Amino acid sequence: MKVAVVKETAPGERRVALVPEAVAKLRTAGFEVLVETGAGDGAWLSDDAFTEAGADIVARDEIAAAADVILMVGRPDEQAITGLRPGQAVLGMLAPLGDHAFAGRLAEAGVLAVSLDLIPRTLPRAQSMDALSSQANIAGYKAAVLAASEFGRFFPLLITAAGTARPAKVLILGTGVAGLQAIGTARRLGAVVSAYDVRPETRTEVESLGASFIELTSVGPASGEGGYARALTEEERQAQQDELAGHIGKQDVIITTAQVPGRRPPLLVTADALKGMTAGSVVIDMGASALGGNVEGSRPDETVVTENGVTVIGAGHLPSSMPAAASAMYARNISALLSYLVKDGSLAIDLTDDLQRGVVITYEGQVVHAALAEPAGGTARVDGASD
Ligand code: NAD
């Protein structure tokens, strides 16, 4: 079976789906591996390093023509979809939810599309494939380091002959995988850390990392399905923003990580709350996206300084800023999923398997994922049948 790695095309994307170590393991397992010229450049992985690990370096056209499976970090662009062959498989973080047109085009192309960002994360056998967690860990770490670097004072308590510096006060909003890693990293840098999440069950994890948990009196628990948060009602949202503003004004640094699956990120830090912060404070918005983020006025991949001197960094793509670590972890995730899908040298798709049903988007010309089912009369097949 020929497995290929393409060079990512999304602007600013520096990760690559396989690293040489993962190539060597796939070769040992009997796969042929093709790597597009320059695919690892952004992560400081040369074509020679891939060749030494047993890969063949090829042009993109050859991948389209020869590969059985194409591995990527993001999703294929329009041009790449046009070049796909029926029966070819594409594995990547395809972000298909809510994008019926994208799924429809993959189905029309006749490809098997598999999305790592839909891995059912509560299945123990899926943990090694959990790219959302591996990348969120990196993002949480980098957010804390970035905040420390942008902040014009120290994170730790420092007592020197030239005076004493008080430790920075850091607030983490959203304590899932990224938030917990941000807490741990900010604590290791010596900051005094507090954190808040609408899921009260995260309190013990927050406290075990040495941070204090903020409880809001105006908003009740909002745990949703599968360990995620549910969306808040308009009244809850307003109450949350108002009560959080009081806490935000006392902080030096805020890192926001809040997400609700399939929705735009909730707005937690309003423009008024930013006005209550002192000059020199730093806010990192990991939810920053074109649709808006957790912080009012943040812009994706841009730094904005408010009139009162607060630096707001739109940081929705932090894993790509640590491309070596992010690619190494992602390569393990995607290799584990590939190995899971292959039996006796070929892809063995079985949509009665709960893990496969979670990740397979299109198969044999149809959209088969339940979350992408078309309204009545559409072409989607959601019965989980494997033909
Ligand atoms: P996420 O990226 O979807 O969201 C990040 C955090 O934002 C979550 O903790 C969420 O509760 C919080 N949030 C959402 N709306 C909010 C609001 N209005 N105010 C404050 N906070 C808000 O979450 P994630 O990091 O992907 O993790 C989600 C869950 O999945 C966690 O419970 C995690 O432990 C669980 N998980 C389980 C496994 C496993 O069982 N193997 C693996 C990975 C993650």
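**Exercise 1. Find which residues Asp252 touches, leaving out residues up to four places away in sequence.**

Step 1: Contact here means heavy atoms within 4.5 Å. Asp252 touches Phe151, Arg153, Arg166, Pro167, Ala168, Lys169, Ser281 and Val282.

Step 2: A quick note on what you're looking at: this is a predicted model, where local features need pLDDT of at least 70, side-chain atom pairs count only at pLDDT 80 or more, and totals for chains, interfaces and linings use all residues. Residues are numbered from 1 along each chain as its sequence is written, and side-chain values use heavy atoms, with hydrogens and water left out.

Step 3: Now look for polar contacts (pairs of N or O atoms within 3.5 Å; within protein, one must be able to donate a hydrogen and the other to accept it, and residues adjacent in sequence count only if both atoms are side-chain atoms). The Asp252 side chain makes one with the side chain of Arg153, at 3.3 Å, and another with the side chain of Arg166, at 3.0 Å.

**Exercise 2. Work out whether Asp252 is buried or exposed.**

Step 1: Buried means under 20% relative accessible area, exposed over 50%, and partly exposed in between (1.4 Å probe, protein chains only).

Step 2: Asp252 has 5% relative accessibility, so Asp252 counts as buried.

**Exercise 3. Find how far a polar side-chain atom of Gln127, and one of Gln240, lies from a nitrogen atom of the ligand.**

Step 1: For Gln127, the distance is 3.1 Å.

Step 2: For Gln240, it's 2.9 Å.
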